[in-house]
Amino acid sequence: MLNRWKPLIHSPSSQPRVTDRIVRKGSINKHGRFWKGADILVFNTYLWWVTGSNMKILLGSFKDEVKEIVEMSTEEAYRMAMRSMLRWTRRNMDPNKTRVFFTSMSPSHGKSVEWGGEPGGNCYNETTPIEDPSYWGSDSLKSIMQVIGEEFRKSKVPITFLNITQLSSYRKDAHTSIYKKQWNPLSQEQLANPSSYADCSHWCLPGLQDTWNELLFAKLFDH
């Protein structure tokens, strides 16, 4: 059973339609019961958490008449999710039967000025990779990478970490750009400025994600 790069929590567009997001603490158990006994399990989650504001955490149930909600920074909320995932894996996965992986963040390319492009641009009309080997875009929060590293170093849970972020950061040319499903009709103003609706978060298939799968395939036999 292979989770084909689906995040734990996923938003369907580069501009998420749900702006008021609430995370229920411990909600991994609801879907996790379907993962038990899998041969291969791949976790990844990132973009959904990056809202530019604090995350709302529900401590009880959505069915509670009076809901107890606390706010956390992006890093605090992400750390909570990492701990929940590691705890669930330790309690429910047999390392002799299941290989568990966690992939790092999938980068986006929303600011072309960061790789030497024109101000106000993004991945639209990009046809070549970034050649600077030290490039790291601001959309990929290093603070989140730090949280992942800290929690994994403390944990004894046998999870293989797949770092796809750096190699993917170079591929400003690999996004779906304007060639994607539009959830709402485009205005004349948007049509006149394609970069305004270009999707610079998701990726074309076949494409970069096949490289991720090759890394996963290699790690499956490096055990």
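**Exercise 1. Which elements cover the buried residues of H3?**

Solution. H2, S5, strand S6 (159-162) and helix H4 (165-169) are among the elements that cover them. Contact means heavy atoms within 4.5 Å. Helices (H or I, at least four residues) and strands (E, at least two) are DSSP runs, numbered from the N terminus.

This is a predicted model: local features need pLDDT of at least 70, side-chain atom pairs count only at pLDDT 80 or more, and totals for chains, interfaces and linings use all residues. Residues are numbered from 1 along each chain as its sequence is written, and side-chain values use heavy atoms, with hydrogens and water left out.

Next, list the buried residues of H3: Ile144, Met145, Val147, Ile148, Gly149, Glu151 and Phe152. Buried means under 20% relative accessible area, exposed over 50%, partly exposed in between (1.4 Å probe, protein chains only).

Then check the length. H3 has 13 residues and spans 19 Å from first C-alpha to last. That is close to the expected 18 Å at 1.5 Å a residue; the expected span is 1.5 Å times one less than the number of residues.

**Exercise 2. Describe the largest nonpolar core.**

Solution. Start with the rule: a nonpolar core is a set of buried Ala, Val, Leu, Ile, Met, Phe, Trp, Tyr and Cys residues joined through side-chain atoms within 4.5 Å. The largest one has 29 residues. Phe43, Met85 and Phe102 have the most contacts inside it. At least two residues each come from S2 (40-43), S3 (55-58), H2 (74-92), S5 (99-103) and H3 (142-154). H2 gives the most, with eight residues.

**Exercise 3. Classify the ring pair Trp49 and Tyr78.**

Solution. Rings of Phe, Tyr and Trp (its six-membered ring) pair if their centres lie within 6.5 Å; planes under 30 degrees apart count as stacked, over 60 as edge-to-face and the rest as tilted. By this rule there are ten aromatic pairs. The Trp49 and Tyr78 centres are 6.0 Å apart and the planes are at 75 degrees, so the pair is edge-to-face. Trp49 lies in the loop between S2 and S3, and Tyr78 in helix H2, 29 residues apart. Trp49 is buried at 3% relative accessibility. Tyr78 is buried at 1%.

**Exercise 4. Is Ile130 buried or exposed, and what is in contact with it?**

Solution. Locate Ile130 in the loop between S5 and H3. Its relative accessible area is 9%, so Ile130 is buried. Leave aside neighbours within four places in sequence: Ile130 is in contact with His109, Trp115, Tyr135, Ser169, Tyr170 and Lys172. The C-alpha atoms of Ile130 and Asp173 are separated by 8.5 Å, yet the two residues are 43 apart along the chain.
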